[in-house]
2 protein chains.
Amino acid sequence: MNPIRLKLAIAYDGTNYQGWQVQKVGLGIQEVIERAISNIFQEQTRLHGSSRTDTGVHARAMIAHFDLPREKLKMPVSKIPLALNSQVPDDIRIMEAHAVANDFHARFSAKGKQYRYSVYNYHAHDPLLRNRAWHVPQKLDLEAMREATKHFVGKRDYAAFANNRNYEMESTVRTLHRCELRKQGRLLTFIIEGDGFLYKMCRGIVGTIIQVGQGRFSSKDIERMLEARDRRLAGMTAPAHGLVLWKVFY
Amino acid sequence: MNPIRLKLAIAYDGTNYQGWQVQKVGLGIQEVIERAISNIFQEQTRLHGSSRTDTGVHARAMIAHFDLPREKLKMPVSKIPLALNSQVPDDIRIMEAHAVANDFHARFSAKGKQYRYSVYNYHAHDPLLRNRAWHVPQKLDLEAMREATKHFVGKRDYAAFANNRNYEMESTVRTLHRCELRKQGRLLTFIIEGDGFLYKMCRGIVGTIIQVGQGRFSSKDIERMLEARDRRLAGMTAPAHGLVLWKVFY
């Protein structure tokens, strides 16, 4: 008999972890939940996440799946969050659990993702947001930034916005459906949605747009960066702690 | 010559402090800033806050004042936040500094205050809000809660909503101008504004309204609690970490 495949929606504060993935040094969120699964179901299993968030990056709804022999599932699926939450620290919460088809794959079935990035724009940081928003003290040109966001929407080659990885063998073309900038008082929120993301692509986009706001680049420069496909020509990578994996689409 | 009186607006994450006030045991926020003032201005001085927030309570804009001999102020007042922020941990931030008249008093000149209280209403807590919202997992009757808020607006005797203090010698009459409940997805926010607050009064009001939402009390019970003036008849005290001192009016 097929094992049962379970899908989890997981929220976490990434501050105290070395990212999602099981690490050689330091603790990954994946590992913490795998241990909880092992405690609750007496089964060693791999938890497959939709994305590998970096150290310090947060999630509102990371999606992950794992398999369990049917005889080991001795509770209604709706009780799984409560059971697993009793075994993980309070900076990780299982928000939902569902049984899914055996061909569902958290990573390969994903059709798209939404990330949100927060910036606190005031001379002093908000202490309650210190681990989840990037503090940018300088005055920013919001107009220019909004103009800049437009260049990132559509099917583009984002090679210039991918960090530290060798993409020579694979395509760096991705499609973004949204790149939006919202302002609520001192808090700026970027909403970035696309079919896929290269390594540190979101943070590269946000860092570059912030530098447009600081007058370091013009909106036209972005077009040139995209065309040149050279990471060195694009802007800075925004720090990890402002980023939240908000939603995964299937 | 008169000393110069300086007014500060201070934001803090109260998680790691024993409240605002200088403590015999544990660290008060007041003390941390007094030390910073002493480091920067070479002057031992008392910092007078508008309110004494409890352990775990946060502030977006606590107002406080202190006096400084004029010859010790060797920087523009606008640079004071940056100078003091270099001397305090990042869960405390001086957001603003202004010179004020010598008869201004952070506490006695205050005409009113606004507090905000956050509740996360879902079966699992949001890890990013775990230190700043109260987790209430049960379904709540929002209608009944909105009805309940109305009883707290106006000039009332709030004796039943003050904790652990002997108010026999002083009036327990206060006037609330607002007691409002907002809902954004799973997050409920109480906005409570008044000319003054008794000890733990805000948290008593919120705890009682939540219990109305859980069906433990009716809206009419609140009227009875207010009339009886007996703390034992009112509802529970909501936990400290959901509360933020939002604004002080002068």
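Domain bounds here come from an automatic or database domain assignment.

Ground rules before going on. This is a predicted model, where local features need pLDDT of at least 70, side-chain atom pairs count only at pLDDT 80 or more, and totals for chains, interfaces and linings use all residues. Residues are numbered from 1 along each chain as its sequence is written, while chains are lettered from A and ligands numbered from 1 in the order in which they are written.

**Domain contact, chain A.** I call two residues in contact if their C-beta atoms, placed from the backbone, lie within 7 Å. On that basis domain 1 of chain A puts in 14 residues and domain 2 of chain A puts in 11 residues. I sorted the domain 1 side by class, with Ala, Val, Leu, Ile, Met, Phe, Trp, Tyr, Cys and Pro as nonpolar, Asp, Glu, Lys and Arg as charged, and the others, Gly among them, as polar. That side has five nonpolar, seven polar and two charged residues.

**Cores.** A nonpolar core is a set of buried Ala, Val, Leu, Ile, Met, Phe, Trp, Tyr and Cys residues joined through C-beta atoms within 7 Å. Buried means 20 or more other C-beta atoms within 10 Å of the residue's own, exposed means 12 or fewer, and partly exposed is in between, with C-beta atoms placed from the backbone. The largest core has 67 residues, and A:Ile10, A:Tyr117, A:Cys202 and A:Ile205 touch the most other members. Helix H4 (residues 201-213) of chain A gives the most to it, seven residues; helices (H or I, at least four residues) and strands (E, at least two) are DSSP runs, numbered from the N terminus. Why does this core lie between the domains of chain A? Because domain 1 (4-100) and domain 2 (112-249) both give residues to it. I also listed the contacts of A:Ile10 beyond four places in sequence, and they include A:Ile33, A:Met62 and A:Ile94.

**A:Ala238.** I found A:Ala238 in the loop between helix H5 (219-228) and strand E10 (243-249) of chain A. Buried or exposed, I asked of A:Ala238? A:Ala238 is buried, with 24 other C-beta atoms within 10 Å. Beyond four places in sequence, its contacts include A:Tyr117, A:Trp134 and A:Ile210. A:Ile205 is 33 residues away along the chain, with 8.1 Å between the C-alpha atoms of the pair.

**Chain B against chain A.** I counted 20 residues from chain B and 20 residues from chain A in the contact. E4(B) gives the largest share of the chain B side, four residues. By class, that side has nine nonpolar, four polar and seven charged residues. I then superposed the copies by least squares on the C-alpha atoms of residues with pLDDT of at least 70 in both. Chain B goes onto chain A with an RMSD of 0.0 Å by a turn of 180° and a shift of 0.0 Å along the axis. The two copies are therefore related as by a two-fold rotation axis. The same surface serves both, as 100% of the contact residues of chain B recur in chain A.

**Strands in chain B.** Strands pair if DSSP finds at least two bridges between them. Strand E8 (residues 173-184) and E9(B) run antiparallel, joined by eight bridges. They form a hairpin with two residues between them, and B:Gly185 in the turn has a positive phi of about 60°.
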